[in-house]
Amino acid sequence: GRERFDIYCSLCHGYDGKGDGLVARRVRNKSDIATGWAPPTSLHDAPIRVRPVGYYFDVITNGIRTMPGHADQIPVEDRWAIAAYVKALQRSQNATLNDVPEDKRGDLK
């Protein structure tokens, strides 16, 4: 999932999913932004993090706002892998100490 996310999604969403990928930064910095362009959503915003994995599969497949669907470009298995990776990425960036098993907490620095 990470490999496919990096290929297809990171240009807009960034490698960390915060919505600050190369395309997003370039368009935001241009003075002639096309009317109607919606910047990519951060995948770490609270309302987005609670969405089920199927939501991400649907968005990758059909698109949302100004993001086009990628059903013709990304195989079904890869779309599911990306959706699962998004959930893992969200968890990794928003984890608390309680998410770490007690026997592993001593390994944290």
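Modeller: The lining of the largest pocket divides into 18 nonpolar residues, four polar and one charged. Here Ala, Val, Leu, Ile, Met, Phe, Trp, Tyr, Cys and Pro count as nonpolar, Asp, Glu, Lys and Arg as charged, and the others, Gly among them, as polar. This is a predicted model: local features need pLDDT of at least 70, side-chain atom pairs pLDDT 80 or more, while totals for chains, interfaces and linings use all residues. Residues are numbered from 1 along each chain, and side-chain values use heavy atoms, without hydrogens and water.

Biologist: Which residues lie nearest the centre of the largest pocket?
Modeller: H13, P40, V59, I64 and M67.

Biologist: And which element gives the most to the lining?
Modeller: α5, with four residues.

Biologist: Switching to rings. How many aromatic pairs are there?
Modeller: Planes under 30 degrees apart are stacked, over 60 edge-to-face, the rest tilted. The count is three aromatic pairs. One of them is F5 with Y85, tilted, at 5.4 Å centre to centre and 55° between the planes.

Biologist: Are F5 and Y85 buried or exposed?
Modeller: Both F5 and Y85 are buried (under 20% relative accessible area; exposed is over 50%, partly exposed in between, with a 1.4 Å probe and protein chains only).

Biologist: What about Y55 and Y56?
Modeller: They pair edge-to-face, 5.3 Å centre to centre, with 85° between the planes. Y55 is partly exposed because its relative accessibility is 22%. Y56 has 5%, so Y56 counts as buried.

Methods. On a 1 Å grid over the protein atoms alone, a cavity is a set of points where a 1.4 Å probe fits but cannot get out, and a pocket is an open set with protein on both sides within 12 Å along at least five of seven lines; lining residues have an atom within 4 Å of a point. Helices (H or I, at least four residues) and strands (E, at least two) are DSSP runs, numbered from the N terminus. Rings of Phe, Tyr and Trp (its six-membered ring) pair if their centres lie within 6.5 Å; planes under 30 degrees apart count as stacked, over 60 as edge-to-face and the rest as tilted.
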